[in-house]
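Visitor: Could you walk me through this model, one question at a time?
Guide: Gladly! Let us look at it together.

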Amino acid sequence: MATRSLTGADRDGTDEETDAERASRWSRRFVLAGAAFLVCWQAAAVAGAGRRAGVSLGVLGFVFHTIFGKAYSLLPTYFDRTLATTRTMPLQFALTVPGAALLAVGAAASVPLAGTAGAALWVAGVAVFLGTLLWTVRGNLSGRETGTGEAKAHLRPTDRIANAAVPVALAYLAVGSWGVLAGRGPVPPLLGGYPPRVTHLLAAGGAALVLFAVGFRLLPRFLAVAPSRRLAVTVLPAGAVGPALLAAGLPAGPLFRLGAAVEAVAVVGFAAGYAALFARSDNDRVGFYGVLAGAGAGVLAALLGISFAVAGIDPALAAAHYRLNVLGLLGLSIVGVSYQFYPPAVGRFRGAGDRTALAAIGLVAAGLLVEVAGLAVGVGPAAVTGRVLALVGAAVHLYLLAGLFRQRYG
């Protein structure tokens, strides 16, 4: 039985419609804020901002704000529930957007007070997000009730496996967010205060696991091809365990090597599964190419991770690994899926259309490859050129989303 809305939607149809409209409006605002953070992140990369500022803008700002926006609309449905309340959405937005921005400013300009304030706002906003979703699905935390219709009953076992991974991803988000605040002021550091450990909890544990879980539910429906249940049983448990092993084992040692291998299984398995769906599908949408490019970048990142576990971490290649994962696996996948929810072809403004969307994907993907090549061979101008290309692609993506939202919703 679905959770009853706490906004009085059971009184009449008007209230329920108003609540749905509010949820849709704030979902779009989160997604648009994420796209704006993507542009800011690429601009900061061109300007030479450090890794920690990039993580704040890229992981917390871009990736997670997009996840927040779509999670409010998708996850309750996937758990056969109705979002408990939409009234917390603007509160979370008012906390996490400035929180991520202040964290970036604090890291880029070496202003500890800004970083501490940003961390506190971020943790408070994530608490609001988690509280809203967990209250919504409180009677179905295992995800056994999937909301899958009879027409898709053959997908129900895979849907249950995917649902079971979602609470794990939310736990990673909670612990990783606390790690952002830990070590600041009177709060003791988490995991020895080593920042890459917290980044892996958030990016690999929170964000990538959400991508894998939602991907096994969402992408097969977009492509109209049934996914491999055996692959889901392999990818999702590996994606759930790998980030914890990496966070505990970094920067070297047996746990790190095991974590790198387990996470590689998850990433490569997801990429192989999506490539198989893509090849078998008769559907052809521009967004599918973004996810395909993201999956390919993820495989390259996983191979680099294995090399770090075997031969040690090389600083230049570590930067490439970070960009391949966040801008590639997560970023390109997010951009691609965005064009499924908000099709550029329906745009009636200058430059709108699938060609422009494909250009955005191509610029980000090409820029990422040029940057990674430049980092690998130590050619600084090539790396900067790649970042500029990715910045242009991010700006085109933001332009398309903003235009589509303005045209359709005013």
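Visitor: Which helices each supply at least two residues of the lining of the largest cavity?
Guide: This is a predicted model, where local features need pLDDT of at least 70 and side-chain atom pairs pLDDT 80 or more, while totals for chains, interfaces and linings use all residues. Residues are numbered from 1 along each chain as its sequence is written, and side-chain values use heavy atoms, without hydrogens and water. Helices are DSSP runs (H or I, at least four residues), numbered from the N terminus. The helices you ask for are helix 2 (51-78), helix 6 (195-223) and helix 10 (315-341).

Visitor: How much space lies in the largest cavity?
Guide: On a 1 Å grid over the protein atoms alone, a cavity is a set of points where a 1.4 Å probe fits but cannot get out, and lining residues have an atom within 4 Å of a point. Grid points are joined across faces, edges and corners, and the volume is the space filled by probe spheres set on them. The structure holds 3 cavities of 30 Å³ or more. The space in the largest one is about 360 Å³.

Visitor: Which residues lining the largest cavity are the closest to its centre?
Guide: By class, the lining has 17 nonpolar, 4 polar and 1 charged residues (nonpolar: Ala, Val, Leu, Ile, Met, Phe, Trp, Tyr, Cys and Pro; charged: Asp, Glu, Lys and Arg; polar: the others, Gly among them). Of the 22 lining residues, the closest to the centre are Ile-67, Lys-70, Val-214, Ile-334 and Val-337.

Visitor: Is Tyr-274 buried or exposed?
Guide: Buried means under 20% relative accessible area, exposed over 50%, and partly exposed in between (1.4 Å probe, protein chains only). Phe-278, 4 residues away in helix 8 (residues 254-280), is partly exposed at 22%. Tyr-274 has 2% relative accessibility, so Tyr-274 counts as buried.

Visitor: What kind of pair do the rings of Phe-278 and Tyr-289 form?
Guide: Rings of Phe, Tyr and Trp (its six-membered ring) pair if their centres lie within 6.5 Å; planes under 30 degrees apart count as stacked, over 60 as edge-to-face and the rest as tilted. Phe-278 lies in helix 8 and Tyr-289 in helix 9 (residues 286-311), so the pair ties together parts 11 residues apart in sequence. Their centres are 5.4 Å apart and their planes at 80 degrees, so the pair is edge-to-face.

Notes:
On a 1 Å grid over the protein atoms alone, a cavity is a set of points where a 1.4 Å probe fits but cannot get out, and a pocket is an open set with protein on both sides within 12 Å along at least five of seven lines; lining residues have an atom within 4 Å of a point.
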